[in-house]
Every structure is written in C-alpha cells, then in structure tokens.
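Dear colleague,

My notes on it follow directly after.

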Amino acid sequence: MQKRIINKVAVLGSGIMGSRIACHLANVGVESVLLDIVPRELTPEEEKKGKTLNDPEVRNRIVNTSLQTALKSNPSPIFSSSFSSRISTGNFEDDMSKIADCDWIIEVVVERLDIKKIVFDSVEKHRKPGTLISSNTSGIPIHLMLEGRSDDFQKNFIGTHFFNPPRYLPLLEIIPTPKTDPEVVDFFMKYGDRYLGKQTVLCKDTPAFIANRIGIFSIMSLFHSMKDFGLSVEEIDKLTGPVIGRPKSATFRTCDVVGLDTLVHVANGLHKATGAEVFSLPDFIQKMMENQWLGSKSGQGFYKKVKNEDGSSEILSLDLSSMEYVSQKKAKFATLEQTKPIDEVADRFKVLCAGKDQAGAFYRKSFSALFDYVSKSIPEISDELFRIDQGMRAGFGWQHGPFQIWDAIGVERGVKMMRAEGFEPADWVTKMLESGQKSFYKLNGTSLEYYDIQASKSAVVPGLEDLIILDHLRGSKTVWENNECAVIDLGDGILNIEFRSKMNSLGGGVLSGINKGIEIAEKDFRGVVIANQGANFSVGANLMMVFMMAVEQEYDELNFSIKYFQDTMMRARYSTIPVVVAPHQMALGGGCELTLHADAVQIAGETYMGLVEFGVGVIPGGGGTKELTRRSALRYEKDDVELNVLRENFYRIAMAKVSTSAEEAFENGYVIRGRDAITMNRERLIADAKSKAIALAEQGYTMPAKEKFRVLGRQSLGMFEVGINQMLEGRYISPHEVKMARKLAYVMSGGDLSEPTNVSEQYLLDLEREAFLSLCTEKKTLERIQHMLQTGKPLRN
C-alpha cells in the first residue's frame with residue numbers, strides 16, 4: 001500500500017470554488033498552487049498603464065483577482081489572513097509544470113466536459129506518476145472524464161465534491177469510477193475526515209450524487225406543491241427552518257443566498273438526466289429567471305429589501321400568485337405553537353405531522369414525498385441509507401437526515417401517512433417492517449446500527465469506531481446528572497462533563513455539574529473533559545438569572561452567584577486531575593472564561609470565542625478580566641513596553657472581540673500555542689480531548705501552583721484614562737460606556753495602587769466581582785441586558 005502525504009496541492013481553476021478550496025487547504029496547513037486561464041484582452045486600466053498581454057501581472061490577473069476577492073469576502077474562507085502566504089498563483093500556460101511538485105491535483109474549472117478534457121490533457125503532460133487527481137464537478141458524470149486518459153491517471157482519479165463555502169460546509173462527497181484504485185478511495189475518505197475536517201460520504205457516480213440529488217428534490221417538490229396549500233414564501237420558510245432542525249435561511253432565503261440560477265442549473269441537469277417531472281421548472285421560477293430575480297446577487301429574489309418613504313428599510317416577500325413584492329405577514333400556526341415546549345427537534349416531528357391546520361397538512365405531504373423519494377433512491381444513489389442522512393446533514397445543514405426523521409415519526413406510522421397522501425414506499429421498507437425491524441437505526445449498547453438493505457439485517461454504521469458520540473453513551477454511561485448537566489464516563493479513566501441547559505448557558509445547574517464532575521474524577525478517575533455536542537459550546541452565563549436578581553435588587557444573592565461562578569472556574573484550574581475543555585462554535589462570555597481556566601484546550605477549527613460582556617453593560621465577572629490581566633503579566637518580557645500587552649487585552653474586552661476561528665483564538669490569546677490544539681473535524685473533538693486528558697494524566701499531572709502576578713496600578717490607570725477620554729471626545733463611546741471602561745481599567749490595573757505590585761488571583765477576582773455588581777445597579781445596564789434577552793442583539797445606550 002502506497003504511503004501518501006499531502007504537502008502541496010494544485011488547484012486548477014480559481015473561481016468561487018477553486019479559490020476557496022485553496023483557502024481551506026491553507027487553513028489546514030497545506031500549500032497550494034492556484035492556476036487559471038490567461039486573459040485574452042487588456043482591461044482599460046491596464047491599457048492606461050501601458051501593459052501588454054505578456055506582462056506577468058496581466059497574465060495572472062484572473063487568478064490573482066479571484067483569490068483577492070475570496071480573501072475579502074465575508075464570512076472569510078480563511079482562518080487567518082497570514083495563511084494566504086500558503087497559496088501561490090499562476091496560469092495554465094506558464095505554470096502548469098508546477099503541478100509536478102504536487103501530491104494532489106484538483107480540477108475546479110467551468111462545468112463543461114470539453115474544457116475539463118483540455119485541462120486534463122495538460123495535466124497528463126506534467127504530473128508525476130502516482131499523483132492523485134480529482135474533479136470538483138457537481139454535475140458531470142465522473143467516468144466521462146476518463147476518456148483518453150492513461151492507466152495511471154485513471155486509477156488515481158476520483159471525484160471530490162466540496163460544498164460551497166468549503167470552509168463552513170462540512171460535506172465532501174467522494175465519487176470513485178470503476179477504474180479508481182480502492183486505496184485511493186480509502187485515502188480520500190480518511191484524509192477528508194481527519195485532515196480537512198469533513199464528513200466524507202462515499203457516493204455512486206449518479207446525477208448530482210447524493211446531497212444535491214435529495215436536497216434539490218426537496219426544494220423542487222415543495223415548489224410544485226406549495227400553491228396547493230396557499231402558503232406564502234415567509235410561511236414556508238417558517239415551517240422549513242429551525243423548527244425542523246434546518247438553517248434559519250430555511251428554503252426561500254437559502255435559494256436567494258445560493259442564487260436561483262445555481263438551483264435552476266442543477267434542477268435542469270437532473271431533469272435531463274433522470275426525466276423526473278419533479279425537477280421541471282414551475283411557471284413562477286421561469287418568470288423569475290426571465291426577470292433575473294436571482295436572489296442576493298441581483299438584489300431581489302424571493303425577498304427584496306426596499307427603503308420606505310420614511311427612510312426605514314423593509315424586506316418584502318414575493319407573492320407567487322401575482323408575482324409582485326408585498327409586505328410580509330407574520331407566520332403563525334397552531335401546530336408550531338404546540339412544539340414550543342419541545343426542546344429536542346426529533347421529538348417535534350410526530351406533533352408536526354399530527355397537526356390539524358395547514359402546517360400539519362404541509363408536513364404530512366412534504367415528508368411523505370421525501371420518504372417516497374429517498375426510499376426509492378436506494379440502491380441507485382447509495383446502497384446504504386446512512387450515507388443519505390450523512391449527506392443531508394453535512395451538505396444542507398439538516399439536523400436530521402430523511403431516514404432519521406422517518407424514525408422519529410415512526411416507520412410504520414410514516415408508511416401509513418405516506419399511503420394517505422398517495423405515496424407507496426419502496427418494497428424494501430415493507431419487507432423490513434415485515435421482518436420485525438421497526439426502525440432504520442437502533443442503538444446496540446453504545447454502537448449505532450442501521451438497517452442493511454442488501455443483507456436484510458442490522459449492521460454497525462462504519463466510521464464511528466474512533467468517535468465519541470454522547471447520544472450513544474447517555475443511557476449506560478451516565479455517572480451523575482441534574483436538569484442542566486451530566487457527567488458521563490468516556491472510559492479509560494476519563495469523565496466528560498456535558499452541558500444540557502438552554503443554549504448551554506452557564507447557570508447554577510451547570511456550575512454544580514462542573515464541581516461534581518471534578519469531585520468524582522478526583523476520587524475515582526484520572527481526568528476530565530468538559531465538552532458537549534450541542535449547536536454551541538456555550539453562549540455564556542444565564543443572563544435571565546442575572547437580570548432578575550438585579551431588578552429585584554437581590555444583590556447579596558447576585559454576589560453569591562458570581563462568587564460561585566468564579567470559584568467554579570478556579571476549581572477547574574486547581575484540581576488534582578487534568579481538566580481539558582473542548583469548545584466549538586460559540587464559546588462566549590462564561591464559555592470563554594471556562595476555556596481560559598482549563599489545563600489544556602482542544603478547540604474545534606470553527607470556534608467563535610470572546611469575552612462579550614461589554615455588550616450587556618458589565619465586565620467579565622467569572623474570572624475573564626482577571627485571567628486576561630494575568631496573561632498580560634505573564635507575557636511581559638524585560639525591556640518590552642509592558643503596557644502594550646495589557647492595552648491589547650483591555651481592548652479585547654472593551655470591544656467584545658470575538659475570534660472568528662480557532663486560529664484567531666490563538667492570536668487573541670484565548671488559547672495557548674504549544675499547549676492547546678485544533679481539531680478540524682468537530683465530530684472528533686471529544687475523542688481528541690479525551691486523548692489529551694489521558695496524555696496529561698500519564699505524564700504525571702500535578703496541580704498548578706498558585707502564583708502571584710504583577711499589576712501596574714496608577715501607571716496603567718493613567719494610560720487607560722487618556723484612551724477613554726479620547727474615545728469620549730470623539731463620540732465613539734457613550735457616557736455609560738465610559739463608566740464601564742473605567743471599571744474595567746480599575747480592575748485590570750489592580751486598583752489605585754501607587755506602584756506595580758504582585759497580587760494573587762483572588763485579589764483580582766474580588767475587584768472583578770465588585771465592579772460587576774456595581775454595574776448591575778445601573779439602569780443602563782439593566783436596559784442592555786433586557787434588550788439582549790428580548791432581541792439577542794447588544795444595545796448601545
């Protein structure tokens with residue numbers, strides 16, 4: 001078996017996908033050479049400068065412009081601007097020889113087979129034997145690209161379909177041809193998973209592969225049926241968004257963001273390839289295409305933002321009957337109201353399908369159509385049902401795949417629903433039920449099994465062996481729990497502390513669980529991981545609790561609560577066993593503070609971390625202010641300007657600076673280089689954190705010594721005061737924000753000390769808590785907290 005290491009990749013084509021694939025390769029530390037065509041004519045600006053078509057600047061204009069456009073886009077495709085140095089650029093005519101130094105060549109040019117073949121002709125001339133080659137096509141059959149290719153090319157060639165944007169969407173579809181070496185298939189399945197951070201899904205070489213096939217079906221089926229229900233665009237989006245575990249953009253907003261032309265291109269391709277009428281374009285879609293109402297890229301699609309006469313902005317929705325834009329009406333359904341108390345999305349599906357209103361009818365029809373299509377797509381697009389679920393979760397952001405939704409409703413109940421709606425499931429579903437198997441998935445101990453259609457029996461879902469999935473452990477491995485937190489035995493002497501509160505906020509139940517988990521581990525285990533598999537690690541402290549105590553002026557209780565929070569953070573730092581925190585997605589406020597107090601951090605590549613308390617009118621009160629002050633002192637080196645580091649951390653708190661990636665979290669000092677590490681695939685995060693906890697234990701972990709650190713007193717207070725006054729005079733901050741900033745400055749200076757002094761952590765924690773409590777007495781602070789609770793957005797007052 002050939003050992004393969006990817007050190008350098010050639011990305012052929014620098015459009016939206018190519019440039020962003022190069023950026024994502026840079027995110028994982030891989031160098032790439034990004035190539036594109038040579039321009040055939042000068043721009044007016046180039047003519048003015050006297051440039052010619054032979055100038056290198058002109059010849060690389062297309063690729064360089066594409067890359068710069070990608071780097072400036074928001075959200076950013078790259079973890080850190082410094083990573084762009086890992087991408088070199090060139091063109092197909094002058095630089096194709098550079099692919100000889102590459103371990104993988106990925107083609108990302110325009111979706112035309114003739115052009116792809118021309119590119120591959122050139123690849124054949126320059127690649128070294130054994131080099132991996134792949135295509136990122138989303139619609140052209142992979143096997144058609146093999147015509148005229150050498151044997152070595154054919155056995156090393158495969159489809160690698162990234163989803164846009166490559167950094168953020170975790171799906172990577174792997175599509176082999178009959179000529180692809182099985183070792184190449186195995187390599188990409190593992191490389192995509194472990195190094196690129198992707199959910200790799202093995203696909204057959206069928207039209208649109210798996211995710212787009214099912215995703216576009218779902219959208220087009222809805223397009224064809226929605227008029228039967230008399231539902232508006234915004235009502236459909238209400239029904240097909242977070243309530244069923246799908247993105248906030250739901251259906252029509254997603255179409256606007258992606259671009260209607262992109263959707264139509266894929267639908268037309270599927271209609272031509274499959275002949276299925278569901279992929280034909282309804283009249284309203286054809287009209288929108290004629291009008292170039294493509295969505296965000298054209299300024300209007302299913303939604304349109306307008307300015308009213310009074311200067312206010314309004315987002316109108318398209319009335320699909322009149323084809324005119326109208327004011328949105330509030331979408332409200334009795335069935336949705338019934339699901340509000342149900343936190344778990346999977347538990348809502350039965351309620352939704354039993355609804356007696358339009359919403360219930362809509363769900364019964366749309367889910368029945370989906371179940372009919374996916375059941376009959378096997379074995380055409382996949383032999384295994386779990387691959388369809390994986391594709392939809394990773395590619396379209398569905399929390400549950402089609403077969404998981406069907407399981408949640410109940411397979412037998414789903415079949416009855418389908419028949420009532422005029423659908424009949426595939427024969428294999430009926431045979432499965434007749435055999436006594438009542439669900440597509442089942443948990444056998446801690447192993448997840450799926451129904452293997454070919455074998456007519458359950459089999460273990462492959463690829464999960466090295467993962468830790470808390471859902472699979474809760475039933476048999478829970479050591480302790482309350483309503484907001486659980487302590488779970490991960491095996492090998494490591495406990496996991498899992499948050500279960502709303503949005504994983506850190507209230508009394510979670511804090512109690514952290515203390516209890518560490519207490520249990522100190523007696524009978526050798527390490528702790530603090531991690532969960534919710535949408536976010538933690539959005540911070542329980543603001544409602546703080547707000548209610550402050551409104552009721554229960555300041556003694558609030559003081560006790562903040563002290564308990566601080567003590568819990570210090571308990572995480574000073575225990576006899578290693579504590580590893582594994583944040584992912586949002587780790588804000590208290591979630592960041594907990595991370596700051598860990599012995600080590602295993603951080604997901606996509607983590608957005610920061611101390612955001614200024615947004616609600618207070619300073620970080622759970623040890624965050626103390627910790628950034630302490631880290632400023634630890635970073636000080638002799639002859640350095642001591643105030644610079646402290647000023648940086650002051651502004652991180654005052655500006656509520658949030659890192660936009662794990663790499664930025666390192667740059668901002670929230671996690672520590674050399675000690676902490678990044679996991680690209682979030683599915684592997686807890687397993688990696690467990691390994692880190694084991695390593696610390698086996699190295700002979702000892703509790704850190706409590707050491708004093710230096711604060712600067714009046715020296716830094718003076719610096720902060722000058723900056724605050726300048727911000728006030730420039731009207732950058734409000735009088736209340738001046739008060740907040742002065743409180744923060746006082747704490748980070750260690751108080752009004754006449755000279756630099758070494759202080760304990762507890763000394764600064766007491767100052768921090770006092771400042772937090774004093775700000776909670778302010779009317780402006782309560783207004784900010786209330787506004788955040790009501791809108792989810794910070795208030796400037």
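Lys-563 counts as partly exposed because its relative accessibility is 28%. Please note that the model is a predicted one. The side chain of Lys-563 meets that of Asp-567 in a salt bridge, at 3.0 Å from N to O. The two residues are four apart in helix α23, and therefore about one helical turn separates them. Asp-567, at 33% relative accessibility, is likewise classed as partly exposed.

Helix α23 spans residues 555–573 and also holds Asp-556. With a relative accessibility of 69%, Asp-556 counts as exposed. Together with Glu-552, Glu-554 and Glu-557, Asp-556 forms a negative surface patch.

Arg-573 takes part in a salt bridge with Glu-761, in which the closest N and O atoms are 3.0 Å apart. Since Arg-573 belongs to helix α23 and Glu-761 to helix α31 (residues 761–776), this pair ties together parts 188 residues apart in sequence. Both Glu-761 and Arg-573 are buried. They belong to a network of salt bridges that also links Lys-626, Glu-627, Arg-630 and Arg-631.

Across the whole structure, the search finds 49 salt bridges. One of them joins the side chains of Arg-500 and Glu-481, at 2.9 Å from N to O. Arg-500 sits in the loop between β17 and α21, while Glu-481 is in strand β15, 19 residues apart.

Finally, strands β13 (residues 447–452) and β14 (residues 457–460) pair in the antiparallel sense over four bridges. Glu-449 stands opposite Val-460 of β14. Four residues lie between the strands of this hairpin, where Ser-456 adopts a positive phi near 55°.

With kind regards

Terms used:
Residues numbered from 1 in each chain as written. Predicted model: local features only at pLDDT ≥ 70, side-chain atom pairs only at ≥ 80, totals over all residues. Heavy atoms only, no water. Patch = residues over 30% accessible without salt bridge, like charges linked within 9 Å, V, L, I, M, F, W, Y side chains within 5 Å. Areas by Shrake-Rupley, 256 points an atom, 1.4 Å probe, with all protein chains shown as cover. Salt bridge = Lys/Arg side-chain N within 4 Å of Asp/Glu carboxyl O. Lys, Arg positive; Asp, Glu negative; His and termini not counted. Charge placed at Lys NZ, Arg CZ, Asp CG, Glu CD. Buried < 20%, exposed > 50% of the residue type's maximum accessible area, 1.4 Å probe, protein only. Pairing = 2+ DSSP bridges.
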